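Visitor: Hi! I'm new to looking at protein structures. Could you walk me through this one?

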Amino acid sequence: MNGLRAVVVSLVIACAAVVSPAAAVTTDPAATPSWSALPVPPAVPPVTVSDLAARGPGEAWATGYEQASDGLRPMLYRWNGTAWSRDTSFPGADEPGWLGKVQFVGTEVWILHDRAGAGELVRRSAGGWSAVPLPRTLWTYQDFAAVPGAAWVVGEDDTGLKVLHYDGSRWTTQATPDGVLYLMGITARTATDAWAWADTNTGTSVLRWDGTVWRDAEVPLPPNSNVHTLLLERSGRITIGGSQYTDGVARTYLMTFNGHTWRTSYPPLGDTYTEAMVRGPDGALWLPVRSDRAFQSKYARVDGPRTTFSYGPERTNAIDVKPRALARAGSALLSFGTVEIYGSKPNLMSERLGG
């Protein structure tokens, strides 16, 4: 009997020793960092958060829309390093519509704005706010990207897919490769280096703009997969996040390009939507995930083969806490999203890690 017990113990120890490091997961509070809550002036619920962008620890902007009595109203909040405040000084702040992606372009802030159905880019410089109308009205404003010297807005109108390009003085319409049905997202590193992910007649593809033409970037995406987000970094590294479907079941994948080859991994994230994924100040990838605690948010940190999880602060009487966007703010991470308190509709919340 003692001999059998020794064999069983030896097998357990051996199995533990060969567990793949790629599956390493921890939620040990002592091994994970601590998030703190940041007060946010409330909006008119229910609210929807679109995006968050930060430039250092002292400036960040969060966008979205609230539900006013006569429809949607754009919603803009500013972080000054100490507190969140609402900004209502931009053009069209009191008109129907919504605010989408926000980006820093040089010293300016650029935001995609649906203003009573018409699209425009609102810009904030040292001289205040201004607006750049789009050359045509689209049915759908899917995404937007801006860098010094260029901006793109992608969507659809009654003639199909549209890629609108702004060079700082005028708008033009850009063509996409044959077979592209819809652009789901776009991002750019420079005026001659932009990337988009598209639905095509052969599945999901990644496209690249080289300053002259859009081409298929020939990224070896996993079969039966889609793309949620694409992170371009100054170093040349690229990270793609998406879902792969096997027998109707989705699991999250990450692809990283080191300048030479693509590497695909499957961190233990279930079917997490990776749109809010960012590169944190610690060099790891961070993204919000579905929480198993109704009164707390939950975040994943993916650093090579190791994935760890941390929880946001406990919120009294909360029944759903949803971080919608993350941004690096100096040595800290900022989160912006919604919290639903029992008996009320979802309103705004923000959390910070570090700093």
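Visitor: What secondary structure does the chain have?
Guide: The chain in this predicted model has 1 helix and 29 strands.

Visitor: What is the radius of gyration of the chain?
Guide: The radius of gyration is 22 Å. A compact globule of 355 residues would have one near 20 Å, so the value agrees with that picture. Along the principal axes, the C-alpha atoms fill a box of roughly 85 × 50 × 35 Å.

Visitor: And how much of the chain is buried?
Guide: Buried residues account for 47% of the 355. The accessible surface comes to about 16,900 Å², and carbon and sulfur atoms contribute 51% of that.

Visitor: What about charges, how many positive and negative ones are there?
Guide: There are 31 positive and 33 negative charges, and their mean positions lie 6 Å apart.

Visitor: Let's zoom in. Which strand does β27 pair with, and in which sense?
Guide: Strand β27 (residues 318-329) pairs with strand β28 (residues 332-341) in the antiparallel sense, over 10 bridges. They form a hairpin with 2 residues between them. In the turn, G330 has a positive phi of about 65°.

Visitor: Which residue in β28 is the bridge partner of L326?
Guide: That is S335.

Visitor: Is S335 buried or exposed?
Guide: S335 is buried, because its relative accessibility is 0% and the cut-off for buried is under 20%.

Visitor: So what is S335 in contact with?
Guide: Leaving aside neighbours within four places in sequence, its contacts include W35, L52, Y299 and M349. L326 is also among them.

Visitor: Back to L326: how far is its C-alpha atom from that of W286?
Guide: The two C-alpha atoms are separated by 8.0 Å, although W286 and L326 are 40 residues apart along the chain. W286 sits in strand β24 (residues 285-288). With 3% relative accessibility, W286 counts as buried too.

Visitor: How many residues of strand β13 are buried?
Guide: In strand β13 (residues 160-166), 7 of the 7 residues are buried, so the strand is largely enclosed by the rest of the structure.

Visitor: Which strands does β13 pair with?
Guide: One of its partners is strand β12 (residues 150-157), antiparallel to β13 over 7 bridges. A hairpin through 2 residues joins β12 to β13, and A151 has Y166 as its bridge partner in β13. Strand β14 (residues 171-173) also pairs with β13 in the antiparallel sense, over 3 bridges. There, L164 stands opposite T173 in β14.

Visitor: How many residues lie between the strands in the hairpin of β13 and β14?
Guide: That hairpin has 4 residues between its strands, and G168 takes a positive phi near 105°.

Visitor: New topic: which residues have a positive phi although they are not glycines?
Guide: Examples include A116, with a phi of about 55°, and N317, with about 65°. A116 is in the loop between β8 (108-115) and β9 (118-125), while N317 is in the loop between β26 (306-311) and β27.

Visitor: Are those two buried or exposed?
Guide: A116 is exposed, with a relative accessible area of 56%. N317 counts as exposed as well, at 54%.

Visitor: One last thing: what kind of peptide bond joins P45 and P46?
Guide: It is a cis peptide bond, with omega at about 0°. You can find P46 in the loop between β2 (35-38) and β3 (48-54).

Notes:
Residues are numbered from 1 along each chain as its sequence is written. This is a predicted model: local features need pLDDT of at least 70, side-chain atom pairs count only at pLDDT 80 or more; totals for chains, interfaces and linings use all residues. Side-chain values use heavy atoms; hydrogens and water are left out. The radius of gyration is taken over C-alpha atoms; the globule rule is 2.2 Å times the number of residues to the power 0.38. Buried means under 20% relative accessible area, exposed over 50%, partly exposed in between (1.4 Å probe, protein chains only). Accessible areas come from the Shrake-Rupley method with a 1.4 Å probe; for residues, only the protein chains shown count as cover. Lys and Arg count as positive and Asp and Glu as negative; His and the chain ends are not counted. The place of a charge is taken as NZ of Lys, CZ of Arg, CG of Asp or CD of Glu. Two strands pair if DSSP finds at least two bridges between them. Contact means heavy atoms within 4.5 Å.
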